[in-house]
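Me: I would like to learn how to read interfaces, domains and helix packing in a model of this kind. Could we take them in turn?

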Amino acid sequence: MDGPSGKSALTLFDKIWNAHLIRHLDDGRDLIFVDRHVLQETTSAQAFHNMRKAGRSVRYPALTIATQDHIVSTKPGRSEDTNPTGRELMQLMRSNALSSGIRHYGVDHPSQGIVHVIAPELGLALPGCILACGDSHTSTVGGLGCLGIGVGTSEVEHILATQTLALSKPKSMRIVYHGTLQAGLSAKDLILHTIGQIGVAGGRGFAVEYAGPAIEALSIEARLTLCNMSIELGARLGFIAPDDKTIAYLEHREFAPKDTDFVSACAYWSGLNSDVQAVFDREVHIDCDLISHQVSWGTTPEDVASIDGVVPDPTQVDDPARRERISQAIRYMDLQPGQTLSGLPIDVAFIGSCTNSRLSDLQLAAALVRGHHVSPHVRALVVPGSMSVKREAEALGLDVIFREAGFEWRDAGCSMCVSINEDVVPPGSRCIATTNRNFENRQGPKSRTHIASPAVVAAAALAGCIPDTSMMKLNAEGLS
Amino acid sequence: MNKAVERVEGVMALFARCDINTDAIIPSTWLRTASADLGKGLFGGDRYDEQGNEVESFVLNRPAFRQSRLILADENFGCGSSREAAVWALVQFGIGCVLAPSFADIFYENAFKNNLVAGIIDVETYQELKTLAEAHPEGLAFTVDLHSLTVSVSDANNPLHNRSWNFRMPASRVQAMIRGNDEITGTLHHQVDIADFYKMASSEKQWLFPEHLIGRDTDASNKKNRVF
């Protein structure tokens with residue numbers, strides 16, 4: 001965008017968007033090129049069906065990658081037949097990929113996993129790249145400085161047939177994190193706190209850049225966790241400028257550029273940041289010093305509080321619509337206004353999902369549970385984000401720690417986050433989960449979900465209830 | 001080619017809540033097969049009890065609203081999951097228009113792709129229509145007209161018939177819907193631009209399209225020559 005002086009300051013988002021702009025369309029939208037298109041089995045079958053019906057084929061199959069992750073069974077040693085209900089969609093994904101010449105990471109592939117876990121792992125998501133997927137958590141790859149766009153099935157078909165998307169360019173927003181995150185806290189607490197502050201619609205219509213010293217301090221896996229939940233702010237896009245950590249993470253990944261290409265890539269990536277003078281349509285500042293361990297109490301991800309906090313009192317809420325929503329959430333969750341969150345008994349503890357199922361998440365949880373045992377009435381399970389994560393964790397002996405503590409150790413998939421496979425929370429049961437959504441019925445009909453970090457979920461599994469800060473500190477001391 | 005839509009007419013069901021998410025619109029239970037009856041699954045979590053029986057009090061189960069064609073909802077309708085099945089479920093049930101003060105980004109796009117009218121209304125309009133809907137438990141039919149971007153009470157004998165409320169929708173989207181345009185056909189008019197862009201990008205940014213990803217040929221027409 002040229003200003004009167006010839007050149008005006010650009011945001012990181014402007015730079016990546018502009019580099020993918022094929023042309024402006026007459027209707028005001030932009031036609032942008034999609035560098036990587038990742039498919040999953042539950043949102044692509046109809047796209048292939050409609051594409052074929054229209055007599056079209058996949059334009060650039062090599063830029064398209066398919067996975068089976070949502071409906072796959074996570075039972076160790078599973079196959080496409082383990083969960084018979086899911087067989088149809090899984091087989092459709094496999095046959096559609098095969099017939100179109102698309103790489104397929106099916107249930108039997110050693111690199112199979114949740115799409116947002118394997119896209120970074122395989123080096124498919126790169127800084128400055130646009131990656132689209134028929135899944136709202138595609139912004140996860142923003143942790144690498146990649147624009148991950150979650151799309152619907154019609155858009156999946158559009159990308160298959162054209163390798164492009166026609167989109168209105170979102171407005172820009174920057175969330176700046178000041179201060180330092182206290183020891184023991186994680187990117188999950190950071191993003192849950194942010195959603196609590198801004199609300200589930202606060203990012204609607206925006207592309208969100210996360211910035212500031214606390215973001216620079218995060219590991220790549222933590223950045224992936226943070227960007228993962230952008231959609232829970234209402235934002236379709238969320239990302240972080242790449243840096244040396246990004247480069248170190250990507251080097252030698254299977255599909256990352258190699259040798260001289262990698263050198264050119266690094267040179268290009270070094271320019272991927274927002275200009276100092278860049279102006280954002282909205283800017284929010286978050287003080288990390290004020291953040292404590294977070295847990296959700298209600299039925300949207302903005303319904304969060306400190307684990308030492310209490311359930312809010314709807315009568316204190318002025319807006320009638322919001323008051324009614326909070327009252328309904330409290331009823332659904334079987335809680336009382338003013339009730340203390342810590343000590344609330346849980347039935348299920350789930351560690352997994354595209355938010356928190358990477359090696360560092362599992363290491364952190366394993367360190368807390370080592371030598372302890374899951375509370376007798378709690379079903380606890382760990383579902384690694386990919387089969388690669390599973391193997392790495394096993395090489396470190398984490399599987400033994402989890403099993404000895406009474407956790408189930410499963411194969412990779414979305415599992416109890418979307419509960420479209422057989423991993424379902426029973427009606428009326430209360431689950432604490434490292435996932436991203438606590439909607440009514442999300443983990444199964446009449447299930448109740450509390451979302452939290454891997455550390456809080458691990459502690460809750462042992463205690464049989466939502467822990468308080470003193471328990472978290474005690475657990476953390478046990479680590480040293 | 002989408003079916004052209006110019007007007008939607010029928011009873012309006014009120015969902016006086018904000019942040020109605022797509023998991024609520026179509027729970028994942030209904031997404032396990034490619035052939036599920038999504039219209040039946042619409043709002044499945046609230047519409048049926050644990051035994052699968054209809055919950056009598058749920059609006060779409062009430063006799064006057066079983067044939068609803070419009071939904072009126074509060075802010076941020078369709079948030080959460082990108083599942084387009086939420087739109088398919090609404091359409092298959094018979095809903096042709098959702099009116100709300102705001103929509104979640106992905107749902108909004110998905111709606112247009114399926115010719116579901118997603119009309120943005122002022123908060124005042126929402127309040128007025130809500131009051132009107134609440135005053136008519138027997139169900140009140142409305143007409144949504146895409147040419148004038150208005151909604152009005154359908155019954156010519158109703159004293160409110162001459163009152164109409166505006167809703168907003170981008171002009172290009174209105175035109176596309178009235179014509180029944182297929183978006184992919186439109187984009188393919190630019191396929192030379194797309195091919196040129198890709199050619200340029202892959203020569204300028206070779207690192208982004210490395211040979212170990214794309215092989216020698218990436219074009220669909222040559223895909224049979226490519227071996228993984």
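Me: How is the area buried between chain B and chain A to be read, and what share of it do carbon and sulfur atoms give?

Reply: The size of an interface is often given as the accessible area lost when the parts come together. Buried area here is the accessible area, taken with a 1.4 Å probe, that two parts lose on being put together, summed over both. Between chain B and chain A it is about 6100 Å², of which carbon and sulfur atoms give 59%. In chain B, the residues that lose the most area to chain A are Arg32(B), Trp207(B) and Leu213(B), together 13% of what that side buries. The contact, meaning heavy atoms within 4.5 Å, takes 61 residues from chain B and 82 residues from chain A.

Me: What should I keep in mind about the model and its numbering?

Reply: This is a predicted model, in which local features need pLDDT of at least 70 and side-chain atom pairs count only at pLDDT 80 or more, while totals for chains, interfaces and linings use all residues; side-chain values use heavy atoms, with hydrogens and water left out. Residues are numbered from 1 along each chain as its sequence is written, and chains are lettered from A and ligands numbered from 1 in the order in which they are written.

Me: Into which domains is chain A divided?

Reply: Domain bounds come from an automatic or database domain assignment, and for chain A they give domain 1 (12-167 + 248-267), domain 2 (171-242 + 274-290) and domain 3 (295-479). The C-alpha centres of domain 1 and domain 3 of chain A lie 28 Å apart, and the area buried between these two domains is about 1900 Å², with 54% from carbon and sulfur atoms. Of the area that domain 1 of chain A buries against domain 3 of chain A, Thr74(A), Ile114(A) and His137(A) supply 31%, more than any other three residues.

Me: At what angle do helix α12 and helix α15 of chain A pack?

Reply: Helices are DSSP runs (H or I, at least four residues), numbered from the N terminus; axes are lines fitted to C-alpha atoms over the stretch in contact, and angles run from 0 to 180 degrees between N-to-C directions. Helix α12 (residues 359-369) and helix α15 (residues 454-463) of chain A pack at about 30°, with their axes 9 Å apart. The residues making the contact include Leu364(A) and Leu368(A) of α12(A) and Ala458(A) and Leu462(A) of α15(A).

How values were computed: Helix = DSSP H or I, 4+ residues; strand = E, 2+ residues; numbered from the N terminus.
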